[in-house]
Amino acid sequence: MSKGKLFSFITLMSLSVCYADDNLNVAESAYADNQVFQDFDNQFYIGYGMGNGNTKNSYGQKANYATNDVAFGVEKLFDMGIWLAFNGTLMTQYNNLSSNPNAVSDPVGQDPAIADLDLKVGYAFPVLKDTLLLTPYGLLGRNTNISSNSLEDNNSSSGGTSTITVNSTQDYLLSTGLGGRLEYRLDKIFDFYFDQNVVYNIDISHPTSQYAPMTNVSFTSILGAKFNVWRELQLGAQTYYNYSALTNGLTTPQQYDLIPQNYFGGMITVGLTY
């Protein structure tokens, strides 16, 4: 091999090693930026929550209700910055707190979150090293709905199915939305976050022509905390507020139906990090 070819070969190998080393340094840097947050965000949990909501019809009549819920979830922050969160909730109790005649006579009131399954997918950007993390994300979900509107429509003389079970098997919302999550790590024990999203919920119940669908836009704010108390044991707490608004005008048969407006609640969780 000539000296020129040998020199070219050595130069090419040196550049390849430098390129590989740079990529390794970038990967290690990304991992270093996320590692302290992974200690909190790589976790799975179960939870118990309580909340209060209010509904209102077209005549301004209002009714309040309270719910109890159980929850589960799993969360993962990957080395390269991709963040995943899969969450589920199930309502275990519904209490009507109003004497409004429409709330009492209509079947059980309304709540758009009897059983929820939601997936969030985002990418985490370190804002302050080991302290502040910003994660914009997209959301997909399937949320079982309950509404006086759907039950009345199922039994209506205008062509309803007259089968109450249709409400629980076919009355659900397909959800898609965008959100952002700001996470603040105080130290190796305490971590706090604020989550805000806007979601478009599509009513899949296919109401009859005399009833408008319950398709709506919702805004949800969550303020939460995580505590790594002992080894892999993690405790959590959060409070949340939800506001929803229909995208369709109500028809005449729906004027007395009570439509969800606001919901405020809280939840405690117990989980394990991994």
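Accessible areas come from the Shrake-Rupley method with a 1.4 Å probe, and for residues only the protein chains shown count as cover. By that method, the protein chain has an accessible surface of about 14400 Å², and 65% of it belongs to carbon and sulfur atoms. The model is predicted: local features need pLDDT of at least 70, side-chain atom pairs count only at pLDDT 80 or more, and totals for chains, interfaces and linings use all residues. Residues are numbered from 1 along each chain as its sequence is written, and side-chain values use heavy atoms, leaving out hydrogens and water.

**Overall make-up**
- The protein chain has 4 helices and 11 strands. These are DSSP runs numbered from the N terminus (helices H or I, at least four residues; strands E, at least two).
- Of its 274 residues, 41% are buried, meaning under 20% relative accessible area (1.4 Å probe, protein chains only).

**Nonpolar cores**
- A nonpolar core is a set of buried Ala, Val, Leu, Ile, Met, Phe, Trp, Tyr and Cys residues joined through side-chain atoms within 4.5 Å.
- The largest has 10 residues, including Phe37, Trp83, Tyr137 and Leu139.
- Helix H1 (3–41), strand S3 (82–96) and strand S6 (132–146) each supply at least two of its residues.
- S6 gives the largest share, 3 residues.
- A second, separate core has 7 residues, among them Tyr65 and Met267.

**Strand pairing**
- Strands pair if DSSP finds at least two bridges between them.
- S9 (residues 216–230) and S10 (residues 233–246) run antiparallel, joined by 14 bridges.
- Asn216 stands opposite Leu246 in S10.
- This pair forms a hairpin with 2 residues between the strands, and Arg231 in the turn has a positive phi of about 50°.
- S10 also pairs with S11 (residues 259–273), antiparallel over 11 bridges.
- Tyr243 stands opposite Asn262 in S11.

Notes:
Buried < 20%, exposed > 50% of the residue type's maximum accessible area, 1.4 Å probe, protein only.
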